[in-house]
Structures are given as structure tokens and as C-alpha cells.
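Please read the following report beside the sequence and the model.

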Amino acid sequence: MASFPVELLFGIYLGILTGIIPGLVSWSLGFVFKYFTGVTIPGFGVVVLSVALAGVNGGLLALADPTITQSANAVTVTTAILVVLMISLYAHSRGDQMGATFPKRLSLKQLRERTLAADVRGALAGRDEARVRVVGEVADMEGYPPLSDDLRAEIRDSEWTFPADLRISELEARLAERLKTEYDLGDAAVTVDERGRAAVVAAPPFSGLSKRVPDGKRAVSVNALVPTGVARNDEVTLITPDAQVSGTVVSAKTQTTTAAAGPDPEATGADDDEDADDEEGVPQPVRAPTTTGGEGRVTVAVTRTDAEPLLKADRARVVVESRGVRREYELLSLLRRAGRRFGRVTVGAGGPLDGATVGEANVRSAYGVAVMAVRGASGWVVAPKGSTTLSAGDEVFAVGTRGELDAFREGVA
């Protein structure tokens, strides 16, 4: 006869082995009843069913049956029955909990448009916001040189704040764009989970200042009294004794000043890579890089003709121009509120759109989308007419719901 510890361990093993099927049944019953009816099955009924499924004659009465309690393997059988009971009760409680929290109407669209978990959201500045932090090592993007150790560490230690109601797909797109903007990355890809943890794959900056200067422009730096809040891409007018030049800011930085009472905080320039913490050990939210105002230097992108008077001037006066209201942003906002999206579809060789005109394709009737523009080898065609011919490789920009755009992509592939 085996010793008591051996019989106990054998009973646990036997209970786990025989409790798998009863556990699955208990979970299924708890989930199904709670999901469809909102009713919780009594645990006692689940336990009785589980013991019966485990093949124990007499059910719970087997624990008081003399033929079992006084048998040679009484410890093993009793332990196995207790293990089956615990597995069944635990599986039932988990199934009941999942049935209460599982979405009542689940679709593939909802799975794609899931948002962050509720417990990772918070209220910041009176708004519901969520923090997304980078976890793990920042991976190198295939086909590009590796990131520097300093840049990799800076990205890894960053934390970002977004509106809490954004879908995860939108969070990934926004974070990738902000990473490219803040760190001048050549490219970035981001994956965010429901806990707000981001995995980042990034390519290093292609170059320094030359990457920000548009084609056909020149970058010129001048000393000036820099207005507070000047940031990259601001439109400014530089006034010199000989000329008045308009350009786009590609870099700006104010000088550090020192007072009698001690050094002031360093002015933050549009090229600064780090934001100072207001309090020691308390990281501050990432802010768009702007100047603090004061004496400094401004680098602007101007035409070749306008670059000459700036190069001759020792100093210039900076006037920030209003950029007005971007009507395209208003249009996108209206479309989004109406449940519409922009989509880009490339015309495939030999596909239904290859060689057809916009009128012949009749995509509005077939797919419910409207063609807003076409970009081909000859350039852009905005609001194309029905006689506009589409060719393989052309990019068609259409407006419709997400489902309509998906159907359009599949139909013309």
C-alpha cells in the first residue's frame, strides 16, 4: 500500500485528468446562460453535473459512501473528486464573468476598431485621455541603417497622450506620425495593444536640415528677436533693410540667458531633442517643440532669389503670418462625423478599372463610393469627369463608408 503523500498526489493527478471535460462543460454553461439570458446557474447544480460527468457513481454522495471512504484507495478517490469540484466551480465562475462582460453584438469591424481598456484611461486637463508608452526594445526597420543608441533610448523612454476614445488603429497611425515628426525618423511602424503598450519599429533620420527643406528652396539662417511659440512649418516674413522675404520655418532656437539670481531654464528650440522636467523625477507630457521667445536664430526655407538679401543681412525682424483655417481639415472633419472616410485604391493591371473611364466604371452604383480625384502619370485630376480614362498604376481617391471602401478595394483588385 502506497504512503499517504503518494496517494494524495495521485489523487490530484487523477482529478486534473478527469476534470478537464467537466470544467469545459461548466465554463460553457456559465458563459452561455449569462450571455444569452443574464441568469447565473447555481454553482451546486454545476458541481453535481461535473461529478456525474467525471464518472463518479452517486455524485456528491460518493463522498459519504462507505464503499469509497473505507476502500484501499479512499484517499486517491476522495482527493480526485475534490479536485474535480474545484475545477468545475472555478470554470463556472469564469464563464459567468465572461458572459457578463462579453459584447452582445460582435463583428469583425468591432474587433478592428477596438479601443484601449477602460482601466488605462484617465482624466487629464478635464478630458478623457489615455497614455501610450513604448515597451521593449525599439526595433530597427528592415532595409534601413540601425538607430543610434541615444535615439533608441529616447524613444523607448517616451510616453504619449491621446484622446481616450480613439480606436487602436488610429492610435497606431497617430503615434507613428508623431514619432516621425518629433524625432525626424525616416519611417516608423507602431503596434499598440489594449493596455496602451506600444511596440515600435523605426528607421533613423535620412538627414538633418536638408530633409525639411522643400524641393526648389534654400535654407537660410538669420539672427533675430524670435517670437514666443515659433515652431517648425510656421509661415513668417523676414524684414531686412534691403528686402522683405516670406518663408517657412524649418528650425528656430532662442539663446540661453543668465540672471543674477541664477541660471534660467534653458529655452526650448524647435530643434531641441529633449524636454526638461518641471520637477525632479516627474516626467512631463511630450510637447510640440517651440521657442520660448527672445534673441536667437531662425532658419527659413525660401526661394533662391529671396535667399540672397537674407545672406547679406546681419539681422532680420520676424513677423509670424496667419495660416488661416485649413478648409481641407474642416472637410475631413465633416466627412468623419458623417461616417465617411477617404480611401486610396491603385488600379491593377488587367483589372475591371484598367482602360475604363470613370463613367464606364460606375463605381457609385456598384460600390456606393464617390471618386474625388485620380493621380496618374500625367498628374492629378480633381473631381474627374466621366470621360477620364483610368490606367494600371493610377491611384483613385474615393469617399465612402469603411465597408464600402473595403468592397471597392476587393472589387477592383
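Rings of Phe, Tyr and Trp (its six-membered ring) are taken to pair if their centres lie within 6.5 Å, and planes under 30 degrees apart count as stacked, over 60 as edge-to-face and the rest as tilted. By this rule the count comes to 5 aromatic pairs, two of which are set out below.

| Pair | Centre to centre | Angle between planes | Class |
|---|---|---|---|
| Phe10 and Tyr13 | 6.4 Å | 35° | tilted |
| Tyr367 and Phe408 | 5.3 Å | 55° | tilted |

The model is predicted, with local features needing pLDDT of at least 70 and side-chain atom pairs counting only at pLDDT 80 or more, while totals for chains, interfaces and linings use all residues. Residues are numbered from 1 along each chain as its sequence is written, and side-chain values use heavy atoms, with hydrogens and water left out.

Helices (H or I, at least four residues) and strands (E, at least two) are DSSP runs, numbered from the N terminus. Phe10 and Tyr13 are 3 residues apart in helix α1, and therefore separated by about one helical turn. Tyr367 belongs to helix α12 (residues 363–367) and Phe408 to helix α13, so this pair ties together parts that are 41 residues apart in sequence. Buried means under 20% relative accessible area, exposed over 50% and partly exposed in between (1.4 Å probe, protein chains only). Phe408, at 0%, is buried, whereas Tyr367, at 23%, is partly exposed, as is Phe10 at 45%.

Helix α2 (residues 20–36) has 17 residues and reaches 24 Å from its first C-alpha to its last, close to the 24 Å expected, where the expected span is 1.5 Å times one less than the number of residues. Its buried residues are Pro22, Gly23, Ser26, Gly30, Phe31, Lys34 and Tyr35, and they pack against α1 (4–18), α3 (43–53) and α5 (74–101), contact being heavy atoms within 4.5 Å. After α2 comes Gly38, with a positive phi near 75°.

Strands pair if DSSP finds at least two bridges between them. In the order β14-β17-β15-β16, 4 strands form an open sheet with antiparallel pairing; its edge strands, β14 (341–346) and β16 (379–382), each pair on one side only. Strand β15 (residues 370–376) and strand β17 (residues 395–400) are joined in the antiparallel sense over 5 bridges, and Ala370 has Val399 of β17 as its bridge partner. Helix α13 (residues 402–412) lies across β14 and β17, running at about 5° to β14; axes are lines fitted to C-alpha atoms, for helices over the stretch in contact, and angles run from 0 to 180 degrees between N-to-C directions.
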